[in-house]
Amino acid sequence: MTDDYMTIREMCDSFDVTPRTLRFYEAKELLFPVREGQKRLFTRRDRARLKLILRGKRFGFSLEEIRQLLDLYDMGDQQQTQLQRTYEVAQERLADLERQRDELDHAINDLKEQLKWGEKMISTLSQQNKAAE
């Protein structure tokens with residue numbers, strides 16, 4: 001393939017995704033490969049979009065959020081609107097992740113305390129059973 005186009009196999013290998021994933025993103029109108037019969041050829045634009053899709057998914061953005069952000073690329077303002085909205089969504093997502101982390105930290109600490117209590121109870125019961133024998 002030329003630098004301009006990649007086959008579905010090359011895309012899968014380059015981005016560590018499955019053909020099914022690429023077809024799914026195409027069906028959701030996130031990617032727009034050139035069709036030659038049954039063959040899909042992905043452009044540089046598709047590759048850039050897939051990179052952003054995968055990054056967005058890793059950060060927990062919904063596909064709808066990602067699609068909306070990608071659609072802002074063509075606003076004609078040198079991506080200012082896209083960058084501004086992406087920044088805002090990313091700030092919201094970061095706040096959500098930090099909130100989730102705090103909740104997880106709290107749950108982990110609670111569970112550790114429960115385990116300590118459980119250890120003490122097991123030890124006490126074990127000693128009582130040995131004394132009763």
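**Entry 1: ground rules.** I count two residues as in contact when they have heavy atoms within 4.5 Å. I also remind myself that this is a predicted model.

Entry 2: I began with Ile 53, which is found in helix H3. Which residues does Ile 53 contact, leaving aside its neighbours within four places in sequence? I found Tyr 25, Leu 30, Leu 31, Leu 63, Ile 66 and Leu 70. I then looked up its accessibility: Ile 53 has 0% relative accessibility and therefore counts as buried. I also took one distance, from the C-alpha atom of Ile 53 to that of Leu 69, and got 9.8 Å for a pair 16 residues apart along the chain.

**Entry 3: the core as a whole.** Next I looked up the largest nonpolar core, which has 18 residues.

**Entry 4: helix H3.** I checked the length of H3 next. It has 15 residues, and its first and last C-alpha atoms are 21 Å apart, close to the 21 Å expected at 1.5 Å a residue. Which residues of H3 are buried? My list reads Asp 46, Arg 47, Arg 49, Leu 50, Ile 53 and Gly 56. I was pleased to see charged names on that list, with Asp 46, Arg 47 and Arg 49 among them. What do the buried residues of H3 pack against? I noted strand E1 (5-7), H1, H2, strand E3 (39-43) and H4. Just after H3, I found Gly 60 with a positive phi of about 90°.

Entry 5: I followed one of the contacts of Ile 53 to Leu 70, which is found in helix H4. Is Leu 70 buried or exposed? Its relative accessibility is 5%, so Leu 70 counts as buried. Not counting residues up to four places away in sequence, Leu 70 touches Leu 30, Arg 49, Leu 52, Ile 53 and Gln 82. I noted that Leu 30 is also in the contact list of Ile 53. For a distance, I took Leu 70 to Lys 57: their C-alpha atoms are separated by 13 Å, and the two are 13 residues apart along the chain.

**Entry 6: H4 with H5.** How do H4 and helix H5 (residues 80-132) pack? I got an angle of about 155°, with the axes 9 Å apart. The cut-off for roughly antiparallel is over 145 degrees, and H4 and H5 are therefore roughly antiparallel to each other. From H4 I listed Glu 65, Leu 69 and Leu 70, which meet Gln 82, Arg 85, Thr 86 and Val 89 of H5. By class, this contact has 3 nonpolar, 2 polar and 2 charged residues.

**Entry 7: H1 with H2.** The axes of H1 and H2 come within 9 Å and cross at roughly 105°, which makes H1 roughly perpendicular to H2. H1 brings Ile 8, Arg 9, Met 11 and Cys 12 to the contact, and H2 brings Pro 19, Leu 22 and Arg 23. I counted 5 nonpolar, no polar and 2 charged residues by class.

Entry 8: What is the phi of Asp 16? It is near 55°, positive in a residue other than glycine. Asp 16 sits in the loop between H1 and H2, and its 72% relative accessibility means that it counts as exposed. Glu 29 also has a positive phi, of about 60°, and is not a glycine. Glu 29 lies in the loop between H2 and strand E2 (34-36).

**Entry 9: out along H5.** I finished with Asp 102, which is in helix H5. Its relative accessible area is 46%, so Asp 102 is partly exposed. From Asp 102 to Arg 40 I got 44 Å in space, C-alpha to C-alpha, for 62 residues in sequence.

How values were computed
Residues are numbered from 1 along each chain as its sequence is written. This is a predicted model: local features need pLDDT of at least 70, side-chain atom pairs count only at pLDDT 80 or more; totals for chains, interfaces and linings use all residues. Side-chain values use heavy atoms; hydrogens and water are left out. A nonpolar core is a set of buried Ala, Val, Leu, Ile, Met, Phe, Trp, Tyr and Cys residues joined through side-chain atoms within 4.5 Å. Buried means under 20% relative accessible area, exposed over 50%, partly exposed in between (1.4 Å probe, protein chains only). Helices (H or I, at least four residues) and strands (E, at least two) are DSSP runs, numbered from the N terminus. The expected span of a helix is 1.5 Å times one less than its number of residues. Axes are lines fitted to C-alpha atoms, for helices over the stretch in contact, and angles run from 0 to 180 degrees between N-to-C directions. Angles under 35 degrees count as roughly parallel, over 145 as roughly antiparallel, 65 to 115 as roughly perpendicular and the rest as oblique.
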